[in-house]
Amino acid sequence: MGYAKAMLDTYPRSFNVEAEIIARCVEACQECAQASSACADDCLSEESVADLVKCIRLDQDCADVCVATARVVNRQTEYDAEVTRSILEACVQVCSSCGDECEAHAGMHEHCRICAEACRRGEQACRELLEAIGR
């Protein structure tokens, strides 16, 4: 695991959920954002770019939402469960949509296969944290 858990371990207060679950979500979202951003760029380089417009759009949306989610989840001081829950739900949705779209192109484009995998991991990590904080 990267720095998320190490930084959470230095937090001077207690958490409402396990730090490991928070760290997994932060890192999965960061990785999904990177993969989605790279996938959009790769799609733009394909000869069939016109067929990938929806994929590119979802990649960009997914990257933006994942970055925002990682940042919000990473902040623990005076955290608001409703705000966190809302952004996690949005992230689950965009990761699911982006993952579905990338899977549709995975047979032709390896970058889409990798992105779909990252999206599924991000979606799962957000679901896990949602479950941990309660609905």
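Guide: Start with arginine 121, which pairs up with glutamate 31 in a salt bridge where the closest N and O atoms sit 2.3 Å apart. Arginine 121 belongs to helix H5 (residues 110-133) and glutamate 31 to helix H2 (residues 19-45), so this pair ties together parts that are 90 residues apart in sequence. Keep in mind that this is a predicted model. Both partners are partly exposed: arginine 121 has a relative accessible area of 37%, and glutamate 31 comes in at 43%.

Now stay in helix H5 and find arginine 113 and glutamate 117, which are four residues apart there, or about one helical turn. These two form a salt bridge as well, with 3.2 Å between the closest N and O atoms. Arginine 113 is partly exposed at 34%, while glutamate 117 has 51% relative accessibility and counts as exposed, because the cut-off for that word is over 50%.

Helix H5 also holds arginine 120 and glutamate 123, three residues apart, again about one turn of the helix. Their salt bridge has its closest N and O atoms 3.3 Å apart. Arginine 120 is partly exposed, with a relative accessible area of 25%, but glutamate 123 is buried, at 11%.

Definitions and conventions
Residues are numbered from 1 along each chain as its sequence is written. This is a predicted model: local features need pLDDT of at least 70, side-chain atom pairs count only at pLDDT 80 or more; totals for chains, interfaces and linings use all residues. Side-chain values use heavy atoms; hydrogens and water are left out. A salt bridge is a side-chain nitrogen of Lys or Arg within 4 Å of a carboxyl oxygen of Asp or Glu. Helices (H or I, at least four residues) and strands (E, at least two) are DSSP runs, numbered from the N terminus. Buried means under 20% relative accessible area, exposed over 50%, partly exposed in between (1.4 Å probe, protein chains only).
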